[in-house]
Amino acid sequence: MIVNICVTYNRNMRAVCFVKRFEFDLNGAVFPSALSIDDVDNDGNNELVVGNMSGELSIFKSDRMWQKFTGLGMITALGIGDIFNIGSNALVVVGGDGWCHILFKPKQDDAVDQKKAKLESVYVQRIPANTKVVLLGDIDGDGCTEMVMGLTDRVVRSYRWVADSDEPGRGKLIGLHKWECANQIGTVTLNRLHDGTTYLLVAQPGGTLMKIRCHTSEEEGTVNSEMLAATSVEYHTLSRMLNPNVSTEIQGGIKMGHTDSSLSPLYAVATLDGTLMLVQDENVVWSIQVDHQLFALTKLDMTGDGRDEIVACSWDGQTYILDQEKCIVCFQLEESVMSFCSGYYTLQPGQPPVPCLVYTTFTNKIYVYYDVQLSSMRAKSFIPEHFTATKENPRQAQLLIEWCLYGQ
């Protein structure tokens with residue numbers, strides 16, 4: 001059972017202390033997008049993947065390192081998904097030096113050999129340098145997974161895998177689209193309209209975003225179709241900020257816990273100056289200001305109610321967890337943070353994955369706080385119900401609460 005030490009700041013904010021964690025050593029700097037949790041080897045269990053700027057890629061299972069690669073260049077971003085469109089995940093490793101490596105676990109004829117098999121490098125391709133973020137997902141609703149990259153030269157590119165044979169890794173990545181942004185790119189995420197149409201959100205400085213809708217070809221699988229290049233781009237300014245140059249992060253596809261088809265999924269926006277916003281259809285649902293510089297934004301269901309909480313991390317280790325009603329829980333890591341992610345990590349093979357928070361620090365450590373479940377996001381009043389229900393003996397109620405809190 002995880003221990004949470006709670007201190008109430010006000011009615012809607014409290015602090016917690018998570019104590020169950022794994023600690024790993026990792027040399028070298030880790031970029032914010034070079035950290036991910038998912039099933040990389042298609043065994044039904046979720047692994048942690050970390051890449052550093054020295055070209056080392058480490059894959060962890062439970063409390064141990066499972067596999068390590070070297071010589072992959074300056075790793076700036078990772079993506080895990082069905083890039084080959086064969087129903088199996090692969091690991092895409094992108095370097096700032098302009099190389100894309102795809103790692104995959106080939107299927108073995110023998111079940112014992114399949115269990116022992118590990119990831120292999122099955123494909124390498126030269127791509128534009130200075131990639132900052134990678135996203136794998138269906139961006140145009142055609143049922144195929146595309147790869148979207150955000151570059152530091154303010155360009156967003158999309159690619160699709162075109163196979164030469166049924167063997168994974170036999171083929172090439174074909175460029176689909178190229179969009180030029182007005183300013184530096186923060187993150188790239190997917191979201192949907194109320195009718196299920198998928199679109200891209202590209203974070204721009206100052207709480208601004210670029211909304212991109214892709215239109216697929218009527219002739220499925222046609223790469224050179226004119227319809228494939230048809231896209232619509234919109235710019236939206238969510239807030240008139242004092243500093244329009246602060247970096248922005250966006251997290252799309254936040255689950256609301258219901259199936260109302262008339263409502264579009266929510267997405268969250270965080271800026272480096274401490275602004276957090278929950279947005280629906282470019283309308284700000286709520287906005288708050290915190291005292292820390294936010295550089296990472298994720299989503300995670302930490303209460304088990306089917307609704308995603310918003311998780312934002314600052315450089316000094318302060319982590320804010322917010323529900324969709326703006327109730328806030330804070331967790332403070334004891335060290336400064338280099339990169340952060342959250343997800344569902346498998347502790348034991350065959351067991352359901354549990355929610356976790358992952359930090360890499362400037363002291364070459366990886367901290368995995370696992371089973372970070374909260375019974376409730378809302379802070380509860382310490383005053384007993386029978387004291388709040390009646391006005392009799394208010395002095396006795398005050399004395400009892402002071403004795404419980406302070407022992408006097």
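Because the model is predicted, local features are reported at a pLDDT of at least 70 and side-chain atom pairs count only at pLDDT 80 or more, whereas totals for chains, interfaces and linings use all residues. Residues are numbered from 1 along each chain as its sequence is written, and side-chain values use heavy atoms, with hydrogens and water left out.

Side chains of opposite charge can pair when their charged atoms come close. With a salt bridge defined as a side-chain nitrogen of Lys or Arg within 4 Å of a carboxyl oxygen of Asp or Glu, the structure holds 15 salt bridges. One of them joins aspartate 43 to lysine 61, with a separation of 2.8 Å between the closest N and O atoms. This pair links distant parts of the chain, since aspartate 43 lies in the loop between strand S4 (35-38) and strand S5 (47-51), while lysine 61 belongs to strand S6 (residues 57-61), 18 residues apart; strands here are DSSP runs (E, at least two residues), numbered from the N terminus. Accessibility is described as buried under 20% relative accessible area, exposed over 50%, and partly exposed in between (1.4 Å probe, protein chains only). On this scale aspartate 43 is partly exposed, at 32%, whereas lysine 61 is buried, at 13%.

A salt bridge is also formed by aspartate 140 and arginine 160, whose closest N and O atoms are 3.0 Å apart. This pair likewise links distant parts of the chain, with aspartate 140 in the loop between strand S12 (131-137) and strand S13 (146-151) and arginine 160 in strand S14 (residues 155-163), 20 residues apart. Both aspartate 140 and arginine 160 are buried. Elsewhere, salt bridges with shared partners join Arg21, Glu23, Asp25, Glu334 and Lys365 into one network. Glutamate 23 and arginine 21 form a salt bridge in which the closest N and O atoms are 3.7 Å apart; glutamate 23 is partly exposed, with a relative accessible area of 42%, and arginine 21 is partly exposed at 29%.

Strands S12, S13, S14 and S15 form an open sheet of four strands in the order S12-S13-S14-S15, with antiparallel pairing, where two strands pair if DSSP finds at least two bridges between them. S12 and strand S15 (171-180) stand at the edges, each with a single partner strand, so one side of each is left without a neighbour in the sheet. From one strand to the next the twist averages 25°, with axes taken as lines fitted to C-alpha atoms and angles running from 0 to 180 degrees between N-to-C directions. The antiparallel strands S12 and S13 are joined by six bridges, and threonine 131 stands opposite leucine 151 in S13.
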